[in-house]
Amino acid sequence: MNLPFEVWSHIFCLLPNVNESLMQLMRVSRAWRDIGNATPQLWTGLHICHPHQFVDSAGLLRRLEKSGELPLDVLIKVPIGFTELWPTLALLRDHVRRFRILNIDVPTYDMVDTILALIALSADLSNGNPAPLLEELRIAIDMVDTEDMTASEAQPYFEHAFHPSPRLHHLTVSPLRVPPPLSKLLSTIVALTIISGPDDISLSVESTLDTMAAIPHLESLKYSGYEVFSYQDTHSLDYPRVVSLPHLDVANVTVPGRGLDILQCLQAPTLRSVRLDGWRTADYPERWNDDDYTDVSASLRRLPQRAPCIQKLDLHCIDFLRAETYIWLFNQNDFAHLEELCIERSTITDTAFTQTSTCGPRLRRLELRGCENITGSALVAYIDARKLSGNDFRLLVSRCPGVGAEHLAQLSCLVTVEEVDD
């Protein structure tokens, strides 16, 4: 097919996983190879994951040259036990100005420090190492070495490696590499993700709150951890620390644990969507105890007092020991703006429906997934008694064995029943 170069070039750029398929495309014919070599957009994704890629300076240099001056999306994934990073980083550090996305995935904290230090070597300590295009920075630790867990040694390198970075909006880090409150990196962040591993040592709640208070434009917060207990008694309204985040829109935290502790200390008048995630891996040895269930229930009841505009509440693998909590959830008016309630893999029973006299004034969507202790008859009675009829109310039920096809047929005559997507 005799198509112009521009058309072929555009088709190549639309291919999924272009980093994996590029070499295969260029082996098809000489014409395709010429098209690939002359299309700089195809070379902007640098995935350095295997030992030979870290030492192949010539290959990396060719990719950098073929990408022209376009922004780069860089993934550095260091294999366990591999330490020969210098050839790669010596080339990459001179292209920090072109980084758009940088994803660093390493086995240990000291490896993070090594990479940041090598990148920072090219920096003018007075002016920093400009990263004018950097939008997203992600640092992940796969395997924790408890002997090198220090919270402060990497911070100077953190500052000098990517500064100034006026477009940096998305930051993902492990707890001990959260930038300190005075970090210049925080001034532009709108989305912060903190990922803590099962053997990780985290900063205190107070230290994390200090950092949160230094992010004036934060809109999205995610804290993912393995803790199964609360670090501090923050579910009481008399807890002295309150951090104002006037732009926070979305919060996704694992509970119980530090994520929930932090959430309860936030004054978030525009917070719209909250997800509380109680899932842990099946092989994780620790489990919630009775006090943890109580803390999560108390925290949930307190939430609308500092975040009054929540519209969506997602409870994933959250169990409450007392049925009263579920009854309150369906019968309360504290979440005055709640429009969507999602409950997945919960111990909720029919009591939540049968002992509810009202529902949230604005509730328009209910999602129930993997709730094994509810029945279709109770759900039909709840929907019918509350006059939640017509297209104004939507219902999704999935993997709830007590809700059969006949119940869904009855429900579909009352409200809009959404199709199951799993």
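Visitor: Why is P130 called partly exposed?

Guide: P130 has a relative accessibility of 40%. Buried means under 20% relative accessible area, exposed means over 50%, and partly exposed covers what lies in between (1.4 Å probe, protein chains only). The value for P130 falls between those limits, so P130 counts as partly exposed. A word on the source: this is a predicted model, in which local features need pLDDT of at least 70 and side-chain atom pairs count only at pLDDT 80 or more, while totals for chains, interfaces and linings use all residues. Residues are numbered from 1 along each chain as its sequence is written, and side-chain values use heavy atoms, with hydrogens and water left out.

Visitor: Where does P130 lie, and what does P130 touch beyond residues up to four places away in sequence?

Guide: You will find P130 in the loop between helix 7 (109-120) and strand 4 (136-141); helices (H or I, at least four residues) and strands (E, at least two) are DSSP runs, numbered from the N terminus. Its partners are V96, R97, H163 and P164, where contact means heavy atoms within 4.5 Å. V96 is 34 residues away along the chain, and its C-alpha atom is 7.1 Å from that of P130.

Visitor: What makes H95 buried?

Guide: H95 has 15% relative accessibility, which is below the cut-off for buried, so the label applies. H95 sits in the loop between helix 6 (86-92) and strand 3 (99-106). Beyond its neighbours within four places in sequence, H95 is in contact with L64 and L72.

Visitor: Which residues of helix 9 are buried, and how do you know that they line one face of the helix?

Guide: In helix 9 (residues 205-213), the buried residues are V205, T208, L209, T211 and M212. Viewed down the helix axis, they fall within an arc of 155°, so they line one face; the arc is that of the directions from the helix axis to the C-beta atoms. Their cover includes strand 6 (191-195), strand 7 (220-224), strand 8 (243-244), helix 10 (258-263) and strand 10 (266-267).

Visitor: Why is the pair D210 and R241 called a salt bridge?

Guide: A salt bridge is a side-chain nitrogen of Lys or Arg within 4 Å of a carboxyl oxygen of Asp or Glu. The N to O distance between D210 and R241 is 3.0 Å, so the pair qualifies. The two lie 31 residues apart, D210 in helix 9 and R241 in the loop between strand 7 and strand 8. D210, at 33%, is partly exposed, whereas R241, at 18%, is buried.

Visitor: How many salt bridges does the whole structure hold?

Guide: The search finds 17.

Visitor: What makes R399 and E344 a salt bridge that ties together parts apart in sequence?

Guide: Their closest N and O atoms are 3.3 Å apart, so the pair meets the distance limit. R399 belongs to the loop between strand 15 (390-398) and helix 15 (405-412), and E344 to strand 13 (residues 340-344), so the bridge joins parts 55 residues apart in sequence. R399 is partly exposed at 44%, while E344 is buried at 18%.

Visitor: And why does the pair E418 and R394 count as a salt bridge?

Guide: The closest N and O atoms of E418 and R394 are 3.0 Å apart, so this pair also passes. E418 is in the segment after strand 16 (415-417) and R394 in strand 15, so the bridge connects parts 24 residues apart in sequence. E418 counts as buried at 18%, and R394 as partly exposed at 36%. Both belong to a network of salt bridges that links K312, E340, R365, E367, R369, R394 and E418.
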